[in-house]
Amino acid sequence: MKNLLVAQSGGPSAAINATITGVIDAGIASDQVGHVYGARNGIKGVLNENFVNLDEVCDTKEKRDLLSVTPAAALGSCRWKLKDPKENAEEFEEIIRILRKNNIGYFVYTGGNDSMDTVYKLSIYCKENNIDDIKVMGAPKTIDNDLGETDHCPGFGSAAKFIATAFTEIACDCFVYDVPSVTIVEVMGRNAGWLTASSALARTEERRVPQLIYLCEKVFDEEKFIEDVNKALEKENNIIVAVSEGVKDATGHYVGEETKSGKEDAFGHKYLSGIGKYLEGLVGNRIGCKVRSVELNILQRCAGYMLSETDIIESRNLGAFAAVSAIRGESGKMSALKRICDDPYQVEIELADLSKIANFEKKVPMEWINEEGNDIK
């Protein structure tokens, strides 16, 4: 009888613990699993052999139900990039040694693009070295909603709900004044604008806010932006703008990049923040009206009071499906959502090929963005 290990990496979310809970559910329910372990701080926890016995910590349904609606990352996280096994096999050899030492035959790793890169590399290493006693599976996570081969990602629904609510509340503040004003709201999204697009959910028949939406899929032109804001101010006194943190200019550089640190994470991604403040200065200098910027930043990740029930249910099911698939002998794949119907909304869970997911970003289709590049359709 083999043990099951689960770990998580990347940014926390409101739903990632639900995915972990699903893995625990499946492990406890299976007569082929001895213990369910969790690795603290992702793949680094595996390499450090820093494990916790989850079937003891979460031994009752009540505890698991509570964990599923607890935001953040209960097992901790990391941003650790495994090197190419052909260039540096030592890390992979050590991982296999530790897994075998602890009689772990099933490993489920949940995370976003970079995490799926880890799962893919490890599964390829196992395949090329004829290691068939360890099954490696991915479970999706990322509020950015940019994983391929799945209709949407766990955590995105809850984050979108928070963003829509935040814009509604920002409008409550902005619209009480009779002087022209511009409020710029910076939303997470390095290369995919799904979260920024979700700000449109704040729109009602009575009030269309935000009036302008800029996604990172479209080239951002500062002159066009000022023109858009001026036109909007001709119609209304109070303008709210949603902008992705990762908007780029025609040269491919992040707008206002000189205001950032220039530092990168382990995967080579630049730390981004500051586009809202940059555009605030631009509007102040060029238009001269009252202007302020709001950076939602990490608030949009783990807002436990804004959980989407659908999000939590799907996340838990995705974790369970990944674990059950590993127990059944599957490896090198990711549990994914396939949409069956829009009305009524219905999805089913299937397995997706990691080779089409690792290091691939699913962006908002260009045909979903208006021709002006300042709104979504």
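Four strands form an open sheet in this predicted model, in the order β7-β8-β6-β9, and the pairing is parallel. Strands here are DSSP runs of E with at least two residues, helices are runs of H or I with at least four, and both are numbered from the N terminus. Two strands pair if DSSP finds at least two bridges between them. Strands of a sheet pair through backbone hydrogen bonds, either parallel or antiparallel.

Which strands stand at the edges? They are β7 (212–214) and β9 (290–295). Each has a single partner strand, so one side of each is left without a neighbour in the sheet. From one strand to the next, the twist averages 15°. Angles run from 0 to 180 degrees between N-to-C directions, and axes are lines fitted to C-alpha atoms, for helices over the stretch in contact.

Y214 stands opposite V243 in β8. Helix α7 (residues 156–174) lies across β6 (181–187), β8 and β9, and runs at about 155° to β8.

Next comes a pair of helices. The axes of α5 (residues 90–101) and α6 (residues 113–128) come within 11 Å and cross at roughly 80°. That makes α5 roughly perpendicular to α6 (angles under 35 degrees count as roughly parallel, over 145 as roughly antiparallel, 65 to 115 as roughly perpendicular and the rest as oblique). F92, E93, I95 and I96 of α5 make the contact with K121, L122, Y125 and C126 of α6. Contact means heavy atoms within 4.5 Å. These residues divide into 6 nonpolar, no polar and 2 charged (Ala, Val, Leu, Ile, Met, Phe, Trp, Tyr, Cys and Pro are nonpolar; Asp, Glu, Lys and Arg are charged; the others, Gly among them, are polar).

Now turn to the backbone. A cis peptide bond joins V209 and P210, with omega about 0°. P210 is in the loop between α8 (194–197) and β7. The bond from D343 to P344 is also cis, with omega near 5°. P344 is in the loop between β10 (333–342) and β11 (345–353).

N130 has a positive phi, near 55°. N130 sits in the loop between α6 and β5 (135–140). Is N130 buried or exposed? N130 counts as exposed, at 68% relative accessibility (buried means under 20% relative accessible area, exposed over 50%, partly exposed in between, with a 1.4 Å probe and protein chains only).

Residues are numbered from 1 along each chain as its sequence is written, and side-chain values use heavy atoms, with hydrogens and water left out. In this predicted model, local features need pLDDT of at least 70, side-chain atom pairs count only at pLDDT 80 or more, and totals for chains, interfaces and linings use all residues.
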